[in-house]
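Please open the structure in your viewer and keep the selection panel at hand. The tour below goes from stop to stop, saying at each one what to select and what is found there.

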Amino acid sequence: MPAIVLVGAQWGDEGKGKATDLLGSSVDYVVKFNGGNNAGHTVVIEKDGKREKYALHLLPSGILSPNCTPVIGNGVVIDLSVLFEELDGLQARGIDTSKLLVSANAHVIPSYNRTIDKVTERFLGKRRIGTTGRGIGPTYADKMNRVGIRIQDLYDEGILRQKVEAALELKNQILAKVYNTRGSEVDEVVEELLSYAGRLAPMVADTSLELSRALDRGDTVLFEAGQATLLDVDHGTYPYVTSSNAVAAGACTGSGVPPTRIDSVIAILKAYTTRVGEGPFPTELHDDMGEFLRKTGAEFGVTTGRPRRCGWLDTVIGRYATRINGVTDFVITKLDILTGLEKVPVCVAYDVDGVRHDEMPVNQTDFHHAKPIYEELPGWWEDISRCRTFEDLPANAQAYVLRVEELIGARVSAIGVGPGRDEIIERFPLKPAVAG
């Protein structure tokens, strides 16, 4: 041990790669435990004296660390074409991907689920969820309906064909009669899936057993969530959520590691708030300041390229993330984006029809109507990108961090002050001490 869970505290895009970078060589395994290629991580590393940017969608960020074993857990849904496209792209840039392990129990995204995802979203019109159209939701639905296809099924053609036939018997009827769209052929689907089996075979493993043995050896295992707390299917802003559990508890079900082995939970909180897609967003800005945050912070989706909706930091959400995830440490990212503002508003509570809410409203209707109650903190003008200790920060920047820490109810252990992996301040160690 230790086993560390890393989660997003907002609606995603908080910069989880920053914490992974900070843990650096101390991490032996990085495990992606939920989601699919519907979210992206941008990681910036120094290579041959130059800054290299890598956009990862399906692979865990540990794939970029030569001493780390990256793992795709059973809770992930895998588009095999995307998996090999990403691997090929990294290998072309000189990254060794030979250590990747893939759970035999992870579910595969078949082509027909991508089709269903896209036509369903178009059919919904104004009631659309804002999915990425990559087949994530339909594949998780198949999993729960017990008609899904797992990685291990690729190695028994008879079982694979039976499962595809069973799935398409209903799905082709829906595509044709509801959406007026051509269905899929069983042979085509089976042939495509089997085409990946040979190359995939060396990566397939009992990853739960592998991780258990790693923890027994005293290795450090980092569990990396896709998406974030408010996109969790149970605890997020339903129905504008993803189709899996992106909170810390999902690390256990999505990897096969029990909760008794988790040592700490690190949550990433951007110094302001963004989200992609539909759904409520109390602090969203529709003015020049929202555009300033979008442009200065380069707030465009890694996976979709869509411009992100931007707003001020919401500490009601921060407190909720602390409680739901059992957060031990926060990492605040992109503090540098706030440089140059005279005042920095922070949402401390909501007004819902004249009633103050210091915690997340219990029902969706109230959250939709929530108006932010702001506390204005003094800004700073100094360039903070070269700061490497908390004391290096301007007094007002320090005050901002300390006030946010007080409002969210857990310590801020690290602060991102720039896009580079070295542009970060570590106030407290993120890796828990190992007993003995």
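**First stop: a loop residue**

Select N180, which lies in the loop between helix 5 and helix 6 (186-194); helices (H or I, at least four residues) are DSSP runs numbered from the N terminus, as are strands (E, at least two). The model is a predicted one, in which local features need pLDDT of at least 70 and side-chain atom pairs count only at pLDDT 80 or more, while totals for chains, interfaces and linings use all residues. Residues are numbered from 1 along each chain as its sequence is written, and side-chain values use heavy atoms, with hydrogens and water left out.

N180 is not a glycine, yet has a positive phi of about 50°. With a relative accessible area of 72%, N180 is exposed, where exposed means over 50%, buried under 20% and partly exposed in between (1.4 Å probe, protein chains only).

Next, select D13, in the loop between strand 1 (3-8) and helix 1. D13 is likewise not a glycine and has a positive phi of about 65°, but counts as partly exposed at 24% relative accessibility.

**A cis peptide bond**

The peptide bond from Y238 to P239 is cis, with omega near 10°.

**A buried loop residue**

Select I109, in the loop between strand 8 (107-108) and helix 3 (111-124). I109 counts as buried because its relative accessibility is 3%.

**The cavities**

A cavity is a set of points, on a 1 Å grid over the protein atoms alone, where a 1.4 Å probe fits but cannot get out, and lining residues have an atom within 4 Å of a point. Grid points are joined across faces, edges and corners, and a volume is the space filled by probe spheres set on the points.

How many cavities of 30 Å³ or more are there? The count comes to three. The largest cavity holds about 80 Å³ of space; select T20, D21, S61, S65 and R421, which are the closest to its centre among the 12 residues that line it. Helix 1 (residues 16-23) gives the most to this lining, with three residues.

For the second largest cavity, with a volume of about 60 Å³, select its lining residues, including G62, I63, S65, D96 and K99.

Notes. 1 Å grid on protein atoms, 1.4 Å probe; cavity = no way out; pocket = protein on both sides within 12 Å on 5 of 7 lines; lining within 4 Å.
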